[in-house]
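Q: How should I read a pair of packed helices, and then a strand in its sheet? Please take me through one case of each.

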Amino acid sequence: SAAPRYYLGTIVRRFTPRMPRRQSSQSSEGSMTRSEGEQSRPSRRLGITGYVGLVREGYDELVKAIIRPPRAEYSLNDLGPSEFRYGGVDFVRQDVSVPNRRGLALCGSLWRRADLEPGSSFPCVVYLHGNASCRAEATTIASQVLALGAALFSFDFAGCGLSEGNYISLGFFERDDVETMIGWLREYAGVGAVALWGRSMGAVSSVMQAARDPSIAGLVLDSPFASLEQVALELVSGGPDGDRPEGVPNVPGFLVKSALRMVASSVKSRAGFDLYKCRPVDAAPTCFMPALFATAHDDVLVRPHHSRLIFDAFAGDKNLVTFEGDHNEMRPGFFLDSAAIFFTNVLRIPDAAALEVPTDHSGRPLPLMQVLLMQQRGAAARLYGPRGGEATQAERARLRAEAQQELERQQLEEEEMLNRAILESLSSSEPPAACRQRASDNHAPQPPPAAPRPPPALLR
């Protein structure tokens with residue numbers, strides 16, 4: 001059967017949110033007009049038997065939508081090169097696998113400057129993806145974070161992407177995954193101040209973890225739901241306006257609540273958590289760090305009033321940004337600007353740490369993957385000419401001359417290093433007589449060499 005269309009998260013095609021859709025024409029009464037030639041289907045009233053049939057048909061799909069949405073498939077190549085240059089600075093991507101509390105391996109990636117000294121403390125933004133996505137989603141906002149002078153970390157929640165696990169919990173267990181990864185960043189990666197940027201399930205996980213970790217510097221919360229029970233009821237019965245996502249049947253409320261109790265029982269037996277207790281709105285009153293909330297006007301998966309409920313209950317300094325679009329659409333530039341300013345303030349990043357990076361016509365950083373692709377094309381243009389054809393003879397001669405100069409420079413550096421090594425060895429050498437005596441001793445039988453010691457990293 002076809003996959004349901006009401007998953008609570010960013011369903012990413014090649015891990016990039018889709019562009020805003022064109023507005024459909026509407027009739028004077030506000031309903032969508034039918035395209036030419038489309039035949040209107042006769043409506044029929046459903047009795048209680050028909051509604052029960054709809055509940056039975058959608059029961060298993062609703063359970064899957066909560067705990068087993070489609071797993072995003074990708075490879076490490078989709079994250080870009082492990083070493084690259086951006087804004088005049090060399091960067092590296094460190095891929096890690098860290099076990100969580102339940103013993104499941106979580107796969108993550110840390111994008112940071114390559115010139116950081118061992119033991120140095122640096123600020124980091126942790127991006128938390130939606131429920132049907134993965135860490136590759138972080139590449140869509142990487143340029144905004146790296147251009148500030150901060151590092152970026154993202155990982156696959158358990159049950160998502162390349163991480164282990166069969167089920168998700170829409171924030172209930174994911175908050176533990178966030179705690180695990182923050183601990184690893186601080187203990188092993190040298191990260192200092194940490195801020196969270198979460199979307200949908202990632203935003204819910206951010207709120208629930210921030211309620212028990214006051215050391216988190218700040219939160220950017222894009223479309224969190226206030227209560228899993230409430231959002232599940234709204235998916236089937238419709239929101240305040242009665243609208244529902246495409247493909248979701250209209251079921252009376254008295255049947256929805258009964259079916260939800262059955263769904264909750266199945267969720268608890270399979271995934272091990274109580275969906276009625278997944279309520280980030282209850283965690284908001286104990287969150288005291290600053291937060292930037294965001295929601296889309298046309299979101300029918302997690303409706304805007306969910307963000308407003310958490311916003312009203314949130315104890316820390318807060319701001320709410322609203323914009324056009326739905327749950328899965330690309331976020332507007334002014335919101336990305338607001339997030340960048342927010343992270344600069346809460347992480348206390350000095351202006352001198354900001355990088356000069358390629359920007360678009362509005363002065364915003366171009367997406368990182370686009371910049372890296374431009375660099376590759378630029379390298380190809382230097383070899384093959386600006387139009388993809390063979391480079392001119394003069395261009396090839398210039399490239400050969402530059403390569404020869406670089407080779408000569410490297411040779412000179414190697415000779416200077418060799419001369420310095422010789423001078424240092426002569427300054428610390430023994431008198432000539434001792435040297436001659438040592439040379440004569442070399443003709444005598446030598447004892448077998450001792451077994452090499454293991455490197456310090458292997459010593460226990």
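A: Helices α5 and α8 are roughly antiparallel to each other (an angle over 145 degrees). This is a predicted model, where local features need pLDDT of at least 70, side-chain atom pairs count only at pLDDT 80 or more, and totals for chains, interfaces and linings use all residues. Residues are numbered from 1 along each chain as its sequence is written, and side-chain values use heavy atoms, without hydrogens and water.

Q: Which angle and distance describe the packing of α5 and α8?
A: Two packed helices are described by the angle between their axes and the distance between the axes. Here the axes of α5 (residues 228-237) and α8 (residues 304-313) cross at roughly 165 degrees and come within 11 Å. The crossing is right-handed (the near helix is turned clockwise from the far one by less than a right angle).

Q: Which residues of α5 and α8 meet?
A: Contact means heavy atoms within 4.5 Å. From α5 come Gln-230, Val-231 and Glu-234; from α8, His-305, His-306 and Leu-309. The contact holds two nonpolar, three polar and one charged residue.

Q: Is strand β4 buried or exposed?
A: Buried means under 20% relative accessible area, with a 1.4 Å probe and protein chains only. Seven of the seven residues of β4 (residues 122-128) are buried. One side carries Phe-122, Cys-124, Val-126 and Leu-128; the other has Pro-123, Val-125 and Tyr-127.

Q: Which strands pair with β4?
A: Pairing needs at least two DSSP bridges between two strands. β4 runs parallel to β6 (residues 191-199) over six bridges, with Val-126 opposite Leu-196. Four bridges join β4 to β5 (residues 151-155), also parallel. There, Tyr-127 has Ser-154 as its bridge partner.

Terms used
Axes are lines fitted to C-alpha atoms, for helices over the stretch in contact, and angles run from 0 to 180 degrees between N-to-C directions. Helices (H or I, at least four residues) and strands (E, at least two) are DSSP runs, numbered from the N terminus. Angles under 35 degrees count as roughly parallel, over 145 as roughly antiparallel, 65 to 115 as roughly perpendicular and the rest as oblique. Ala, Val, Leu, Ile, Met, Phe, Trp, Tyr, Cys and Pro count as nonpolar, Asp, Glu, Lys and Arg as charged, and the others, Gly among them, as polar. Buried means under 20% relative accessible area, exposed over 50%, partly exposed in between (1.4 Å probe, protein chains only).
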